[in-house]
Amino acid sequence: MPPPTDTVPELTLRALRNGDGVTGISLGDTQFSPLKTLLKRDVTIFHEELLARTYVLVDSGNAVRGFVTLVCGEITTDNSLDETVGVTFRYEHYPAVKIARLAVDHRYRGYGYGRNPVDFATGCIRNISEIAGCRFV
């Protein structure tokens, strides 16, 4: 159970920067180890090669406490989706932005910090759709 709201630490969401220390993040159970490995080893390369963008939740000391990684993608449909979302033109594939990875340090769970990156991603998609067309997250 999270502590009372007056003790909730403030976290800020920003783009991952070279040199961000990510070793202090603890995702808890070992099943989440691949997420930490990705953050430590791969996301900087993904940035350099324009494959993905990662945004981090940082505390007042700039320690990474969570992250979200966004990538371009597509969804495939059997056309049953067309009626659900009101698509006029029927395609087999539709443009999307994927939340490829999302994690919050286990010590910061229960505060609602996962909503911030998801809201951010949704806002990004709205901006992208104004420029290039993207219908789905």
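Val118 lies in helix α3, where helices (H or I, at least four residues) and strands (E, at least two) are DSSP runs numbered from the N terminus. At 31% relative accessibility, Val118 counts as partly exposed; buried means under 20% relative accessible area, exposed over 50%, and partly exposed in between (1.4 Å probe, protein chains only). Together with Ile99, Leu102 and Val137, Val118 makes a nonpolar surface patch of about 280 Å². Patches here are made of residues with over 30% relative accessible area and no salt bridge, with like charges joined within 9 Å and nonpolar side chains (Val, Leu, Ile, Met, Phe, Trp, Tyr) within 5 Å. The areas themselves come from the Shrake-Rupley method with a 1.4 Å probe, and for residues only the protein chains shown count as cover.

Before going on, keep in mind that this is a predicted model: local features need pLDDT of at least 70, side-chain atom pairs count only at pLDDT 80 or more, and totals for chains, interfaces and linings use all residues. Residues are numbered from 1 along each chain as its sequence is written, and side-chain values use heavy atoms, with hydrogens and water left out.

Ala52 is found in the loop between α1 (33–48) and β2 (53–58), and counts as buried at 8% relative accessibility. Leaving aside neighbours within four places in sequence, Ala52 is in contact (heavy atoms within 4.5 Å) with Phe46, His47, Thr69, Leu70 and Val71. Phe46 has its place in helix α1 and is partly exposed, with a relative accessible area of 24%.

Now for the rings. The structure holds 4 aromatic pairs; rings of Phe, Tyr and Trp (its six-membered ring) pair if their centres lie within 6.5 Å, and planes under 30 degrees apart count as stacked, over 60 as edge-to-face and the rest as tilted. One of them is Tyr94 with Phe136, edge-to-face at 5.9 Å centre to centre and 70° between the planes. This pair links distant parts of the chain, with Tyr94 in strand β4 (residues 93–104) and Phe136 in the segment after α3 (115–131), 42 residues apart. Tyr94 is buried at 5% relative accessibility, and Phe136 is buried too, at 12%. Tyr108 and Tyr113 form a tilted pair, 6.3 Å centre to centre with 50° between the planes. With Tyr111, they form one aromatic cluster.

What about charges? A search of the whole structure finds 5 salt bridges, each a side-chain nitrogen of Lys or Arg within 4 Å of a carboxyl oxygen of Asp or Glu. Among them, Asp105 meets Arg107 with the closest N and O atoms 2.6 Å apart. Asp105 is buried at a relative accessible area of 0%, while Arg107 is partly exposed at 44%. Another joins Arg65 and Asp59 (3.1 Å, N to O); Arg65 is buried at 14%, and so is Asp59 at 16%. Asp59, Arg65, Asp105 and Arg107 are linked in a network of salt bridges.
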